[in-house]
Amino acid sequence: ARDKRYDILFEPVRIGPVTTRNRFYQVPHCNGMGRAYPSSMAEMRGVKAEGGWGVVCTEQVEIHHTSELSPVIEGRLWDDADLPVFQKMTDKIHEHGSLAGIEPCYDGLATPNRYSREIPMGPSARPVTYLEPVQARAMDKTDIRNLRRWYVDAARRSRLAGFDIIYVYAGHDLNALSHFLSRRWNDRGDEYGGSLENRARLLREVLADTREAVGDTCAVALRFGVEELLGDAGFTSGGEGREVVEALAEIPDLWDVNVSDWSNDSATSRFAAQGFQDSYVAFVKKVTSKPVVGVGRYTSPDAMVALIKSGALDLIGAARPSIADPFLPKKVEEGRVEDIRECIGCNICVSGDFLATPMRCTQNPTMGEEWRKGWHPERIAPKTSEDSVLIVGAGPAGLEAARALGQRGYAVTLAEAGKVLGGRVAVESRLPGLSEWKRVADYREYQINQMVNVETYLDSRLTAEQVLEFEADHVVVATGARWCTTGVGRANTAPIPVAEEARILTPDDIAAGPVPDGPVVIFDDDHYFMGGLLAELLRGKGHEVTLVTPAADVSHWTHNTLEQARIQKRLIEMDVRIRPLHSVVALGRDTATLQCVYTERRHEIACSTFVPVTMRRPVDTLYHEILRLTGPGEAPAPKSLGRIGDCLAPGTIAAAVYGGHRYARELGEPVTDAVPFRRELPQLATN
Ligand code: FMN
């Protein structure tokens with residue numbers, strides 16, 4: 001039963017003409033499914049409603065073909081033909097008694113309109129903010145009238161599609177309404193530019209138009225970034241950000257407030273802790289009598305209660321925590337707080353958006369698979385046999401396989417060579433800023449500790465013979481991977497020539513304790529977090545550090561997690577020397593030879609310790625040894641022998657968790673050539 005402390009989270013809240021059953025509010029978030037994979041999107045939202053989120057919103061939804069975000073996959077409501085997609089979504093949400101919210105959006109000078117080829121328009125003529133040789137034109141009065149009408153059409157369609165809350169979206173510095181508001185983008189000389197009152201005119205008009213369009217059937221919410229962390233150049237919660245809220249205080253039925261831009265709003269745990277937005281939005285409730293929703297990667301129900309009780313917020317907004325655990329509210333309601341699968345703040349979810357693919361989540365391997373694979377985050381098919389399973393290795397893949405197989409009811413033995421569970425997660429979560437990543441192991445360790453059918457052994461380094469002696473019906477090897485010393489990767493396809501005396505330490509070595517000496521050269525041809533993070537770690541310990549990378553900037557892939565600028569800034573401020581657009585091609589005793597990625601030009605830099613971060617090698621000797629021992633005429637083989645996670649192919653922690661989960665789902669299922677998920681095919685035109 002629910003702990004009384006949390007009762008307040010389950011109070012209904014009135015939002016204009018509608019009432020949410022509780023204070024758990026899934027704020028708008030994209031998911032890489034939207035217009036392209038609509039049933040996947042609808043099912044995912046439905047699962048959140050089933051999991052207890054009182055309000056479940058869409059992602060930003062394009063309202064007109066003159067502003068579209070292709071190839072990024074958002075919602076699309078250009079005309080009535082798009083209605084069924086959203087009707088499907090609202091039906092799924094209403095089935096569970098939740099309210100459905102929609103966030104119509106006109107991106108204006110944020111987007112080049114790659115698909116429609118229409119000329120983008122914004123308050124002023126500017127290059128579009130996506131890097132593309134396209135300029136937006138300034139809107140004239142006719143354009144403004146048209147845009148207002150498109151918003152009205154979108155609001156009417158939203159109501160028809162069954163939405164209860166219609167947003168007016170002026171956040172994230174990503175859309176026409178926020179661009180009109182902003183001094184940075186709006187240099188108009190007419191009544192829509194200049195003073196804040198003028199810059200807010202369009203927003204005020206769209207709010208009034210939306211209200212008129214939906215009457216008293218739907219609530220009108222305003223999403224606005226009260227603080228842009230740009231000082232005087234942007235909105236601040238003590239300056240113009242506050243003035244906007246004061247000016248429009250009673251106009252919307254709900255204020256959804258946050259910090260802007262998106263990288264500030266969805267800051268990762270490496271750079272911001274739970275509650276990082278509180279101080280910026282605290283003033284809002286003092287200025288308006290309308291309910292206020294705010295965000296801050298909230299996973300702790302105690303922190304949520306404190307926010308409500310202190311009068312800071314009325315509704316707890318969540319994007320990432322609702323992705324990591326769609327059933328978070330239900331677990332609080334049922335007194336199962338320890339079962340919450342807490343978001344680790346890695347932003348792998350965000351990468352789906354940038355890469356135009358269905359969203360994934362490190363903690364929740366079922367995210368995006370609800371419809372296409374029928375994977376439910378809480379339910380799984382019971383076992384189909386009395387078979388036993390031995391899992392060797394308790395990193396993210398092994399742990400998740402053990403947890404999910406245990407949930408199915410299989411007899412599982414999990415053997416781990418180390419003294420703690422977690423594998424790479426245990427190691428990486430000790431790096432600066434990554435402590436929350438440990439939640440991947442903690443959640444699973446807690447779950448399998450509750451299961452009588454899962455036995456865990458630590459300090460258990462099994463040989464192939466011992467594995468076979470164990471006589472499990474199924475054996476799966478999840479023994480991880482180790483960073484390579486050779487320097488082979490994307491840039492170097494052969495090992496880097498190395499002088500005998502050169503000192504090389506891999507990220508695994510550094511995590512285990514050896515201290516580099518002299519000037520350190522990190523060669524990052526991996527481009528995710530590790531190279532930049534080791535530079536931060538070693539520079540923080542006082543080493544002279546040079547980071548060499550073939551990319552144009554450090555940790556290049558972290559553009560996809562909204563972290564790249566923060567990482568580069570930190571390294572610059574720490575005086576890490578950055579050598580972009582170079583590879584390391586040779587190592588001497590005290591030198592590294594760098595080569596420009598475009599030319600044959602080479603130069604040497606001082607290097608006493610070389611740290612290659614280029615690729616990892618699966619630790620799969622055990623797997624191959626078992627195969628060898630069970631070859632034709634040899635020892636009897638288990639019914640199945642598999643590899644999962646980094647031991648199969650090194651990747652992200654999210655990929656390892658997914659691999660472990662998939663193994664558990666598919667054990668006992670026939671292996672076929674069929675596409676392993678449902679698809680929605682484009683409809684062929686009949687004309
Ligand atoms: N906010 C929007 O207003 N519209 C969006 O389409 C949108 N897309 C998002 C997609 C992802 C994957 C994430 C993680 C966030 C997105 N956001 C979007 C921002 C979230 O609504 C939210 O304000 C932010 O993530 C902070 O909340 P959280 O800490 O609970 O994640």
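**Figure 1. Buried residues of helix H1.** Pro38, Ser39, Ser40, Met41, Ala42, Met44, Arg45, Gly46, Val47, Lys48, Ala49 and Glu50 are buried in H1, where buried means under 20% relative accessible area, exposed over 50% and partly exposed in between, with a 1.4 Å probe and protein chains only. The view comes from a predicted model, in which local features need pLDDT of at least 70, side-chain atom pairs count only at pLDDT 80 or more, and totals for chains, interfaces and linings use all residues. Residues are numbered from 1 along each chain as its sequence is written, and side-chain values use heavy atoms, with hydrogens and water left out. Helices (H or I, at least four residues) and strands (E, at least two) are DSSP runs, numbered from the N terminus. Twelve of the 13 residues of H1 are buried, so this helix is largely enclosed by the rest of the structure. The cover over these buried residues includes strand S3 (24-26), strand S4 (55-62), helix H2 (83-94), helix H12 (320-324) and helix H13 (328-333). H1 covers residues 38-50 and reaches 18 Å from its first C-alpha to its last, close to the 18 Å expected at 1.5 Å a residue; the expected span is 1.5 Å times one less than the number of residues. Just after H1, Gly52 has a positive phi of about 105 degrees.

**Figure 2. Surroundings of Arg199.** Arg199 lies in helix H5 (residues 196-199). Arg199 counts as buried because its relative accessibility is 3%. Apart from neighbours within four places in sequence, Arg199 is in contact with Phe180, Leu181, Ser182, Arg183, Asn186, Tyr192, Gly193, Gly194 and Glu240; contact means heavy atoms within 4.5 Å.

**Figure 3. Two nonpolar cores.** A nonpolar core is a set of buried Ala, Val, Leu, Ile, Met, Phe, Trp, Tyr and Cys residues joined through side-chain atoms within 4.5 Å. The largest has 88 residues, of which Leu9, Leu203, Leu222, Phe224 and Trp255 touch the most other members. Helix H3 (residues 141-160) gives the most to this core, with seven residues. A second, separate core of 58 residues includes Leu399, Ala441, Ile510 and Ile578. Not counting residues up to four places away in sequence, Leu9 touches Asn22, Arg23, Phe24, Pro301, Met304, Val305, Ile308 and Val332.

Figure 4. H20 (residues 529-540) reaches 16 Å from its first C-alpha to its last, close to the 16 Å expected at 1.5 Å a residue. Ten of its twelve residues are buried, among them Phe529, Met530, Leu533, Leu534 and Glu536. Gly542 follows H20 and has a positive phi, near 95 degrees.

**Figure 5. The second largest pocket.** On a 1 Å grid over the protein atoms alone, a pocket is an open set of points with protein on both sides within 12 Å along at least five of seven lines, and lining residues have an atom within 4 Å of a point. The second largest pocket has a volume of about 1100 Å³, a volume being the space filled by probe spheres set on the points, which are joined across faces, edges and corners. Of its 48 lining residues, Glu416, Gly423, Thr479, Gly480 and Arg482 are the closest to its centre. Elements that give two or more residues to this lining include helix H15 (396-408), strand S19 (481-483) and H20.

How values were computed. On a 1 Å grid over the protein atoms alone, a cavity is a set of points where a 1.4 Å probe fits but cannot get out, and a pocket is an open set with protein on both sides within 12 Å along at least five of seven lines; lining residues have an atom within 4 Å of a point.
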